[in-house]
Amino acid sequence: MKRLILPVLFCGLVVGIAAPGVSDDMGEAARAGQWQLSALRLPEAWQSSRGAGVVVAVLDTGVNGRHPDLAGAVVQGPDLTGAARSPALWGQHGTAMASLIAGRGHGDGNRRGVVGVAPAAEVLSIRVTLDNGDPLRDKRRPSGGDALAKGIRYAADHGADVISMSLGGGDGAWEGSAPEEEAVQYAIGKGAVLVASSGNDGDSANRKNFPAAYPGVIAVGAVDRRLKVAAFSNRQDYVSVVAPGTEIVTADGDDSYVVGDGTSSAAAMVAGIAALIRAAHPRLSPYHVRLAIEQGTRKRPADGYSRAYGHGVANALLALRAADRLDLPTPVPPRPGAYFGEGPLGPIPVSRAPVVGGMLTLVAAMAARVIVTSRRRRRDST
């Protein structure tokens with residue numbers, strides 16, 4: 001029996017339908033509907049990196065690690081909401097985002113179901129908010145009002161290479177908060193790459209959305225199948241890039257699938273691209289990972305940047321190529337060569353021979369000059 005899926009969180013406008021219980025037909029349909037795989041050039045990118053060894057913290061409503069497409073991919077972190085767990089409404093949005101980041105599919109050769117951008121990455125689930133539709137959401141605020149800040153710090157302290165935040169519109173979302181901003185800077189200082197959705201009211205209030213607007217966070221807007229910016233995607237000067245965000249098929253919290261629109265999905269995909277880069281180039285700083293994503297875009301604005309597109313449409317293959325260019329090897333000092341003879345302090349390395357030879361020539365020339373000068377002076381005195 002099919003059912004209408006409720007809207008999920010703040011930055012995911014779910015509009016599709018899904019049936020509970022995963023079947024082969026549903027899994028095949030889910031994979032066929034993943035139009036972003038070709039748009040991001042993922043099959044080509046996976047030849048260089050699949051995100052192995054990278055931990056992506058998903059700060060969201062929780063992740064259902066029992067979904068067939070996420071089996072073995074999820075480590076459960078803390079629940080920082082302070083709210084009871086609702087059996088009917090738990091982890092829908094978080095599971096959807098995790099599947100876009102590190103979904104592995106299922107079935108023969110994992111050819112069915114949702115495959116994420118970085119299918120070999122590991123997801124660290126940290127619950128920091130409640131799903132839309134959860135009755136507890138209207139009754140109480142998350143614990144202390146700083147669940148997100150705590151979640152960011154927890155992720156940074158527990159080995160997260162990338163922190164994905166497909167959320168906004170919560171406490172202080174339109175103004176930001178000091179604890180959150182400090183947590184963002186703390187995580188960047190620990191080497192984590194932070195990604196967030198730009199917001200979904202671009203066709204109305206178009207408000208500044210946090211955590212996307214914090215300095216250092218990669219803020220992501222949404223495009224449709226034609227790679228046109230979606231009407232709902234926020235247009236702000238903090239937007240870094242845009243990515244697929246309409247008609248996106250994701251895993252659902254009750255082991256089914258759902259189709260939806262939103263900058264949430266776009267941000268999750270860019271978090272996946274960051275994971276691909278981190279796996280291929282673990283030495284790159286968060287700044288250089290961001291730079292690689294921004295340099296590796298398609299449909300770049302004529303002036304290089306726009307509030308709608310940011311630096312352009314994210315592309316996994318081009319971002320990895322940009323990371324290759326940015327990850328320059330550290331110059332290695334020349335190794336000492338063979339020795340050539342003895343000096344007053346022992347053998348002299350070949351690499352120093354030109355220097356030593358030049359010094360000896362200079363000493364000899366100075367000595368000759370002294371002798372000539374002395375002779376001249378003697379002649380002058382006679």
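Does Tyr214 count as buried or exposed, and at what relative accessibility? Tyr214 counts as buried because its relative accessibility is 3%, where buried means under 20% relative accessible area, exposed over 50% and partly exposed in between, for a 1.4 Å probe and protein chains only.

The model is predicted, so local features need pLDDT of at least 70 and side-chain atom pairs count only at pLDDT 80 or more, while totals for chains, interfaces and linings use all residues. Residues are numbered from 1 along each chain as its sequence is written, and side-chain values use heavy atoms, with hydrogens and water left out.Eleven helices and 18 strands make up the list of elements in the chain; helices (H or I, at least four residues) and strands (E, at least two) are DSSP runs, numbered from the N terminus. Of the 382 residues in the chain, 53% are buried. Contact means heavy atoms within 4.5 Å. Among contacts with a separation of 6 or more, 74% are between residues 24 or more positions apart. The chain exposes about 17300 Å², of which carbon and sulfur atoms supply 56%; such areas come from the Shrake-Rupley method with a 1.4 Å probe.

Next come two helices. Two packed helices are described by the angle between their axes and the distance between the axes. Helix α8 (residues 263–280) packs against helix α9 (residues 286–295) at about 115°, with the axes 10 Å apart. These axes are lines fitted to C-alpha atoms over the stretch in contact, and angles run from 0 to 180 degrees between N-to-C directions. From α8, Val270, Ile273, Ala274, Ile277 and Arg278 meet Pro286, Val289, Ala292 and Ile293 of α9. The residues of this contact are eight nonpolar, no polar and one charged. Here Ala, Val, Leu, Ile, Met, Phe, Trp, Tyr, Cys and Pro count as nonpolar, Asp, Glu, Lys and Arg as charged, and the others, Gly among them, as polar.

Tyr214 also belongs to the one aromatic pair in the structure. Its partner is Phe210; the pair is tilted, with 4.7 Å centre to centre and 50° between the planes. Rings of Phe, Tyr and Trp (its six-membered ring) pair if their centres lie within 6.5 Å, and planes under 30 degrees apart count as stacked, over 60 as edge-to-face and the rest as tilted. Phe210 counts as buried because its relative accessibility is 10%. A cis peptide bond, with omega about 20°, joins Phe210 to Pro211. Pro211 sits in the loop between β10 (193–197) and β11 (218–223).

Arg41 is partly exposed, at a relative accessible area of 26%. Leu227 is buried, at a relative accessible area of 8%.
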